[in-house]
Amino acid sequence: MIAHVQLSDKKVRSLIRSGNIRFGGNKKLRIYRLLSCVSGKQMKAANRTFFATEQEAIAAGYRPCGHCMPALYRAWKAGVIPAHGR
C-alpha cells in the first residue's frame, strides 16, 4: 500500500505506466477500486492509497467498489471475499 500524499504526480504516473499500481483505495472508507473509476477520481489525495494487486487491497482490509467492480462487490457482500483487518 502506497499513500498518494507520499508521491509526486510524476511518480504516480510512472508507477501506473509501469504497472506497479493498478488499484486505488480510499483509506477512510476502506474501499478499493479501478484507477478509471469515476468515484475514485473524486476522492481527496489525502485519503487515496494505491495497491499493486487486489489481494494486497483485501489483505489490508479494503472491500471492492460497488460502482466499477459490481460482481466482486456482490461476492464481498455475500461473504465470499473475506473482510480482513476488520
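Is Ile 21 buried or exposed, and what is the relative accessible area of Ile 21? Ile 21 is buried, with a relative accessible area of 2%; buried means under 20%, exposed over 50%, and partly exposed in between, using a 1.4 Å probe and protein chains only.

This is a predicted model, in which local features need pLDDT of at least 70 and side-chain atom pairs count only at pLDDT 80 or more, while totals for chains, interfaces and linings use all residues. Residues are numbered from 1 along each chain as its sequence is written, and side-chain values use heavy atoms, leaving out hydrogens and water.

**Around Ile 21**

You can find Ile 21 in the loop between α1 (9–18) and β2 (23–26). Helices (H or I, at least four residues) and strands (E, at least two) are DSSP runs, numbered from the N terminus. Leaving aside neighbours within four places in sequence, Ile 21 is in contact (heavy atoms within 4.5 Å) with residues including Val 12, Leu 35 and Phe 50.

**The sheet**

Five strands form an open sheet with mixed pairing, in the order β1-β4-β2-β3-β5. Two strands pair if DSSP finds at least two bridges between them. The strands β1 and β5 stand at the edges, each with a single partner strand, so one side of each is left without a neighbour in the sheet.

| Edge strand | Residues |
|---|---|
| β1 | 2–3 |
| β5 | 63–64 |

Strand β3 (residues 31–34) runs parallel to β5, and two bridges join them. Here, Ile 31 stands opposite Arg 63 in β5.
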